[in-house]
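Welcome, and please open your viewer. We will take a short tour, one selection at a time.

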Amino acid sequence: MATVRSSRVRAGAVLVGAVVTAVTGCSSGSDDATTKTEDAVRPFKATASASPTAGQGRLVVSYEKPKKPADRRTEAFLKRTKALEGLARYADDIVALPYDVPLRAKSCGQVNAFWNPGTKDITYCYEFVDTLRQVYEKQENEGSTRQQDAAVEQDLVGLTNGVLLHELGHGLIAMYDLPATGEEEDAVDQLSALLLASGDDEHQEYAIDTINAWAGLAQADAAGGIPANEYADEHSLDIQRFYNWSCWLYGSNPDAYKWIVESKGNPDGVLPEERAERCPDEFAKITHSWGTLLEPYLKD
């Protein structure tokens, strides 16, 4: 399974393996989910000020005491990098919330990240981060050990943004009673990709980190086989999410991300040309759909 390599490393793609089983994430949790492009990609912002009725809420980050040694390492990583605080600031600058929404990092006893509609909060499980760390450790195999460790941590910061913007999408649909045509999981994947791809260079790199997570998980799926009941899950398969996210990122700026597309001149690309042709239109539709739904709540 090829990955999309970010400009932090090099353009193109390399073959990688993975060592974990598939992670679906995003259950409700109710039972306890090389080019500067910042000027080329249009920011996802409101054309007018958010409605006064949108609210003044924000994401409120907290950490619960870890229950296992691996969870303590993850808690320390999250606090040191301020990944959750950075995500909260980024989201709060874009969209108004009707009330404060807790964003809790905690030991869950499962590999997950999820919006809980009952408690109206977002949970980010320490176990999720630790599991995805194993994926990135297989992918980041260049440079010194210190350089590899730093690259893995940067990947995890990026994935944290991709995953939690997805969960915030569930929250926005619930809090504002937004219509979601089609599968909600796909819709909030699209929102997460949109918010990252239309951001600055750093957040576009976060989109690449998220794509590479799906690549690693898809590799694990292929190695271990996919149980039949996985096809009944509300999430798209990891390999589908890999290609969808690759398509949306490419579609956000075809000139900047042409190296993602596989072609005779670029055999290391990962996105088939037949799909790539439709990606700019796909991204434009995503932008229009979510822009219409969130218009009353988007900040300047």
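**Stop one: a pocket**

Begin with helix α9, which gives the most to the lining of the second largest pocket, with six residues. Helices are DSSP runs of H or I with at least four residues, strands are runs of E with at least two, and both are numbered from the N terminus. Before going on, note that this is a predicted model, where local features need pLDDT of at least 70, side-chain atom pairs count only at pLDDT 80 or more, and totals for chains, interfaces and linings use all residues. Residues are numbered from 1 along each chain as its sequence is written, and side-chain values use heavy atoms, with hydrogens and water left out.

Now select α5 (184-197) together with α9 (279-294): each supplies at least two residues of this pocket's lining. To show the whole lining, select Ile173, Pro179, Ala180, Thr181, Ala187, Gln190, Glu282, Lys285, Ile286, Ser289, Trp290 and Leu293. (On a 1 Å grid over the protein atoms alone, a pocket is an open set of points where a 1.4 Å probe fits, with protein on both sides within 12 Å along at least five of seven lines; lining residues have an atom within 4 Å of a point.)

How much space lies in the second largest pocket? About 220 Å³, taken as the space filled by probe spheres set on the grid points, which are joined across faces, edges and corners.

**Stop two: the disulfides**

How many disulfides does a search of the whole structure find? There are two, a disulfide being a pair of cysteine sulfur atoms within 2.5 Å.

Select cysteine 247 and cysteine 279, whose sulfur atoms are 2.0 Å apart in a disulfide. This pair links distant parts of the chain, 32 residues apart: cysteine 247 sits in helix α7 (residues 238-252) and cysteine 279 in helix α9. The torsion about their S-S bond is about -125 degrees, so this disulfide is left-handed. Is cysteine 247 buried or exposed? At 0% relative accessibility, cysteine 247 counts as buried (under 20% relative accessible area, with a 1.4 Å probe and protein chains only).

Finally, select cysteine 108 and cysteine 125, joined S to S at 2.1 Å. Cysteine 108 lies in the loop between β2 (101-106) and β3 (113-116), and cysteine 125 in strand β4 (residues 121-125). Both cysteine 108 and cysteine 125 are buried.

Notes:
Buried means under 20% relative accessible area, exposed over 50%, partly exposed in between (1.4 Å probe, protein chains only).
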